[in-house]
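Student: I've got a model open on my screen and I'd like to talk it through. Can you take my questions one at a time?

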Amino acid sequence: MSSHHDYIIEITAQHDAGKPFAPENGQPLRFKIGDAVIYTNDFGAQFHRHVTGFYRPAGPCGLYALGKRYLLDSTSPWMPVAESSLRPDGAA
């Protein structure tokens with residue numbers, strides 16, 4: 001790949017071809033706004049958070065194409081996370 005832009009185009013095309021993530025694949029999103037969740041980051045650290053919204057970009061977006069659908073109450077509330085990195089927080 002020659003650029004970040006090319007990467008976004010490729011990953012978006014892969015998403016559009018397979019629609020592997022909810023809700024585009026016909027499955028409902030697992031969590032709703034207000035749900036208490038445990039977010040596990042790429043390094044295995046876990047954080048107790050709440051879902052504050054859903055990520056809905058206006059145009060093609062690599063984050064969305066990679067399954068990142070949820071916004072959380074965190075220090076980066078604009079950065080979406082994938083459903084696969086969340087689980088219900090039974091302690092909340």
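Predicted model: local features only at pLDDT ≥ 70, side-chain atom pairs only at ≥ 80, totals over all residues.

Student: Which pattern does the protein chain follow along the sequence?

Tutor: The chain has two helices and five strands. Both kinds are DSSP runs numbered from the N terminus: helices are H or I with at least four residues, strands are E with at least two. Read along the sequence, the pattern is α-β-β-α-β-β-β.

Student: In what order do the strands sit in the sheet, and which are the edge strands?

Tutor: Two strands pair if DSSP finds at least two bridges between them. The five strands form an open, antiparallel sheet in the order 4-3-2-1-5. Each edge strand pairs on one side only, and the edges are strand 4 and strand 5.

Student: Which residue in strand 4 stands opposite Lys 68?

Tutor: Strand 3 covers residues 68-72 and runs antiparallel to strand 4, with two bridges joining them. Opposite Lys 68 you'll find Ala 82.

Student: Is Arg 69 buried or exposed?

Tutor: Buried means under 20% relative accessible area, exposed over 50%, and partly exposed in between (1.4 Å probe, protein chains only). Glu 24 is partly exposed at 27%. Arg 69 has a relative accessibility of 3%, so Arg 69 is buried.

Student: And in the salt bridge of Lys 32 and Asp 35, which residue counts as buried?

Tutor: Their side chains meet at 3.1 Å, N to O. Lys 32 has a relative accessible area of 54%, so Lys 32 is exposed. At 17% relative accessibility, the buried residue is Asp 35.

Student: How do the residues lining the largest pocket divide by type?

Tutor: A pocket is an open set of points on a 1 Å grid over the protein atoms alone, where a 1.4 Å probe fits, with protein on both sides within 12 Å along at least five of seven lines; lining residues have an atom within 4 Å of a point. The lining includes Tyr 39, Phe 47, Lys 68 and Met 79. Ala, Val, Leu, Ile, Met, Phe, Trp, Tyr, Cys and Pro count as nonpolar, Asp, Glu, Lys and Arg as charged, and the others, Gly among them, as polar. That gives six nonpolar, three polar and two charged.

Student: Last one: which residues does Ser 85 contact, leaving aside its neighbours within four places in sequence?

Tutor: Ser 85 lies in the loop between strand 4 (81-82) and strand 5 (86-88). Its relative accessible area is 16%, so Ser 85 is buried. With contact meaning heavy atoms within 4.5 Å, the partners are Ile 38, Tyr 39 and Thr 40.

Key: Residues numbered from 1 in each chain as written. Heavy atoms only, no water. Salt bridge = Lys/Arg side-chain N within 4 Å of Asp/Glu carboxyl O.
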